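Here is a short report for a reader new to this structure. Look at the model first, then read on.

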Amino acid sequence: MPAILAAAQIRLRVHWSDRVGHVVLAGIALALAAFLAGPLIAILAQSVEGRRGEFVGLQNFIAYFETPALLDSLWNSIWTSLVATAVVVPTAFAYAYALTRSCMPWKSAFRTITLIPLLAPSLMAAISFIFWFGNQGVLKGWMQAFGIAQIYGAPGIILSQIFSVFPHALMILITALSLADARLYEAADALGTRRARKFFTITLPGAKYGLASAAMVTFTLVITDFGIPKVIGGNFNVLATDVFKLVIGQQDFPKGAVVALFLLAPALLTFAVDRIVQRKQTSMLTARAVPYAPKPSRGYDTVMTAYCVVVSLLMLAVLGMAIFASFVKFWPYDLGFSLRNYVYGIVDGGVDVAFFNSLKLAFGTAIAGTAIVFAGAYLIEKTRGADWLRPPLQLLALLPMAVPGLVLGLGYIFFFNSPQNPLNFLYHTMAILVLCTVVHFYTTGHLTAVTALKALDAEFESVSASLKVPFWKTFWRVTLPICTPALVDISRYFFINAMTTISAVVFLYSPDTKIVSVTILNLDEAGEIGAAAAMAVLIAAASLGACLVYLGIGWFVDRRTQAWRTSK
Amino acid sequence: MSSPQGEPYLRLEGIGKNFGTFTALRDIRLEVPKGEFVCFLGPSGCGKTTLLRIIAGLEVQSAGTIYQGQRDISALPPAQRDYGIVFQSYALFPNLSIYNNVAYGLVNRRAGRDAIRTRVSELLKLVGLSDSPAKYPSQLSGGQQQRIALARALATSPGLLLLDEPLSALDAIVRVHLRQEIRSLQQRLGVTTIMVTHDQEEALSMADRIVVMNQGVIDQIGTPMQVYREPATPFVADFVGKVNMLAGTVESAGRIRVGSRNFACASCGGAPGRSVRAYLRPEDIVARPIEAGDPNVIDATIDKIEFLGSYCLVRVTASDLQGQPLTVYLSLNYLSEMGLQSGSPLKLRILAERMRVFDA
C-alpha cells in the first residue's frame, strides 16, 4: 500500500455552487469566532492582566482567595445552589413520574402550568416571594414561625430558584422517563415483581442519566443566575452579584474576570457531562423497544393527582401573587385595583421605550438567530467539502450552552469595549444585544435544527447534484419546506428567551437600548417593587402572546408545507 | 455520446480506496462498453457500494482514474459528471408531487414549460405510472416509488445510470416483477447501467456482465453464465448459486481423486498428490440417465429430503467419496417414481467436466 499512499491525495474539483456554501459556512464560523470565542478569550486574558493591562500571572486569583468577602460569596453560591438542586430534582422527578407513569387526569394542564416560569424573567419569582414573605409580605408571620427571620438572603434565593428552575429540570426528567421499554416491565410482571422493586430495578436505573443531567443543569442555572440574587439577595452575596458589583460598580475588570471563570467552570463541567449522558441515554433505547403505557390504578393515580395539584397550586401562587400585586393600589395598605404600577413603570420608568426595545430585540433575535442557526446547521449537516472547517464550527455551535449569560456579557464588554477592536462600533448598539442573545441561546436552536435535518434522507443532496441542481435550490424547494415546523420552534425559543433574558444584556445595554427585563432591576433598586412586578407581568403577557401567535403560525405553516405528511 | 469502435464507455483504472488504515477497494480495473448492464455483486462490506459512489463522485477514490466517454472524470464533482442515480431509499422529495419529482432536474435546464410537461408525461408513461402525477410519494407503494425514482434519474437522459440496491427495500413478488421491467427499460433506452446488489439471483437475471467483488477486490468479471458455470475463485463458486465442495487430490494432470474414485477434469493441474477442492453445482450431479459402465457413477445414500415444490433438495452421503456429503436436485416425480426416501440408496452420475478445481 505505501506506493499508493505516497501518491498525491486525489481531491475533487469544487463546483462553484459548492463554493458558495463554503463561503457562507466560513462566514458563520467567523461570526461565531468573533462573537463567542473572542469574548471568551478576552475574559481569560483579562483574568491574568493587571489594571493597566500588564501580565500578572495568577496574581488576580491569589488576590481573590485572600479576600474573605469574595470567598464567602463563593461558598454562598455553592451551598444555595446545592440546596436548590436537592429540592428541585426529587420534586421534579415525582412530577415527571406522575406525568409519564400514571393515568391521572388533566396531564396537559399540569404540564402547561409548569411551563409558566419560562415566560417571565427568573426574577419574577423573587418579586413574588417578596410580596408573600417580604418585610410587608402577607405570610411573613408564617415564615417566622418556621424560624426564618427574613426572606431576603439565602431563603429567598433558594425558594425563587426552585420555582424558576423547575421547568428546566422537569423537561429533562420527562424525556428520561418517557424513554421506557414496556417489555422490561412485562418481563418483571411475568416474574411476579412487586411495584417498589420494579421502581428500584427498572425505573430508577433507566432514568439515572436523566437525573444526573437534571441535577447538573439545575445546579448550573442556579449558580449562574443573576436576577434572583439581585432582587431578593439582600446583603447575601453570591458570585453572580459579585461579578456585577466588581465590573459595573468598581470597574475592577480583572477580578470580575476571575469570578466569571468560577461561574464558567461548573457550566463547562455540566456541558461535558451532559454530552456523555445524552449519548448513553439514546443508545439505551433500541429501535425495537415497545413504549411503556401506564395502566389505571385508582389509589396510585389519586395520590399522583394530589401531588401535582399541590405543586401546580404553588406555581400558580407565585405567578398569581406577581399579577395580583401588580394591580394593587398601594401595597400593603390599600389592596384596591389600580393601574398605578403599570402607569408608573411605563411613564416614569421609561418602560415604553424599553418595551419597544425588548420587542425589537426579540424580533431581531428570532429572525437573525433562526436564519443563522438553520443555515449553519444545514451547511454542517448537508453539504460537502471544506472538511477542516466543520469540527471547529460544531464545537462553536455547542459551546454557548456551556457559557452562562453573565460570563458571555462580561466577555462582550472586555472584547468589544476595547478601542483596538475593529468591531468596537457595535458597542452600545441594538445590534450587539441581538448578536449576544443569538449566541447565548445558539445551542438549543442548533440542536433542534440538526435533529430536524437528520430526519431527512441523506441522499437528497446527492440526487440533486446528479441532476445538476445547485444545493440552494434543493434547500429552498425541499429542505426548508420540510423543516418549517422546526424553524417555527427555533424562532419561538429565541423570541421568548430574548424577551426574558437579563444576565448577558445587563452588561451591554445603553440608555438608548435599555430593555424591559433590565428596567425591572432598576425599578426594584428604586424601591418600586410594585412597578417591577407590573413590568415582569408585562413581559410574561408579551411572551404568552408571542406563544399564541407562534401557535397560529405553526398551524398555518403545517397546512401550507406539511400537507404531504397527512395525505393518504 | 459517440465513442469510437472498441472504446469502452466507462473505464476504471486502478481505483483504490482507504478509510484510514482500512482498505475498502484495491486496484479495481473495469471497462464497460456503451449500453451494457453491469452488476456489482458481493456480500455486504465488499466495497461494491463504495465503488458505485466513487463513480458517482459521492466518494473520492484514494488512487486511480475514471474515464467516462473518454473524459477523465476522476476529479470532477458530481454535478459535472453525467449520470442518473437511484438509491436504495429512493430519496424521493416527500413534499413534492410525483410530477415535480420527475421534473426536478428538468426545471434547472431552462427547458420550456411545455417541453418539461411533455418529457415528464413521456417518462411517467415509460415507467407505467401516468395516472397519478399530482400524488405525493407517500401515497404510492414501494414499487411505484421505485419507478418514480427511476423516471427522475432518467429525466435528463444521462449517459450512465447508477442503481444502488434499488430493489432491496421491496417485497419478493414486486422485486421479481421490477427486475424484468428495469431490464427491458434499460435495453429499450440503451443506457449504460451499473447496478449494485447483494442478491445473486437479481444479478444473474438482469446483467449483461457481473462483477463479483469480495473484500475490496474484483474476483471475477463475466457474463452470468460464465460466473455461474466457470467461477474464477472458490469465493465466486460459493457466493453465486449453490455448490458442493469436495476435498480431493490431484491424481495426474487432468485427473482428480476423491475418495476411492477419480474423475477426468480439465481444470485440474499441478503436481500429483497436491490437495485440492472440487466445486460442483447440485444440478451437475444427476440421477438419470445413467448408463451401465459409466465411469463417473457413484453410490450414495439419501440423508434428508427437503421439499421445495416440483424439485427437492436432496442431501446424500457418497460412500465412494469417503462419505463426503453432497446436495443434489431431484424432481418430485423421480423421487416418487423410484419410491425414494431417507435412507434409500441411489446411484448418481457426476458431470465431471463441470467440476471446478481450486487449491485447498
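## Terms and basis

Helices (H or I, at least four residues) and strands (E, at least two) are DSSP runs, numbered from the N terminus. The expected span of a helix is 1.5 Å times one less than its number of residues.

This is a predicted model, in which local features need pLDDT of at least 70, side-chain atom pairs count only at pLDDT 80 or more, and totals for chains, interfaces and linings use all residues. Residues are numbered from 1 along each chain as its sequence is written, chains are lettered from A and ligands numbered from 1 in the order in which they are written, and side-chain values use heavy atoms, with hydrogens and water left out.

## Helix α3 of chain B

Helix α3 of chain B covers residues 113-126. At 1.5 Å a residue, its 14 residues should span 20 Å. The end C-alpha atoms are 20 Å apart, which agrees.

Five residues of α3(B) are named as buried (under 20% relative accessible area; exposed is over 50%, partly exposed in between; 1.4 Å probe, protein chains only): I116(B), R119(B), V120(B), L123(B) and L124(B). They cover an arc of only 135° around the axis, which puts them on the same side of α3(B). The arc is that of the directions from the helix axis to the C-beta atoms. An α-helix has 3.6 residues a turn, so residues three or four places apart point the same way. On the other side of α3(B), D114(B) and K125(B) are exposed. The buried residues pack against α2 (98-107) and α4 (142-154) of chain B. After α3(B) comes G128(B), with a positive phi near 75°.

## Chain B as a whole

Chain B has 9 helices and 20 strands. Its C-alpha atoms fill a box of roughly 75 × 45 × 40 Å along the principal axes. Of its 360 residues, 52% count as buried. Take the contacts (heavy atoms within 4.5 Å) in chain B with a separation of 6 or more: residues 24 or more positions apart account for 66% of them.

The predictor's confidence in each residue is pLDDT, from 0 to 100. Its mean for chain B is 91, and 98% of the residues reach 70 or more. Confidence in chain B is lowest in strand β13 (residues 261-264), at a mean of 85, and highest in strand β3 (residues 37-41), at 97.

## Nonpolar cores

A nonpolar core is a set of buried Ala, Val, Leu, Ile, Met, Phe, Trp, Tyr and Cys residues joined through side-chain atoms within 4.5 Å. The largest has 214 residues. Those with the most contacts inside it include I127(A), Y412(A) and L12(B). Helix α22 (residues 471-500) of chain A gives the largest share of this core, 15 residues. Apart from it lies another core, of 42 residues, among them L106(B) and A153(B).

## Cysteines

How many disulfides does the structure hold over all chains? There are 0, a disulfide being a pair of cysteine sulfur atoms within 2.5 Å. The sulfur of C46(B) is 12 Å from the closest cysteine sulfur, in C39(B), too far for a bond. C46(B) is buried, at 1% relative accessible area.

## Backbone exceptions

Most residues other than glycine have a negative phi, and most peptide bonds are trans. The bond from R288(B) to P289(B) is cis, with omega near 0°. P289(B) lies in the loop between β15 (285-286) and β16 (297-307) of chain B.

Q251(A) is not a glycine, yet has a positive phi of about 55°. Q251(A) is partly exposed, at 49% relative accessible area.
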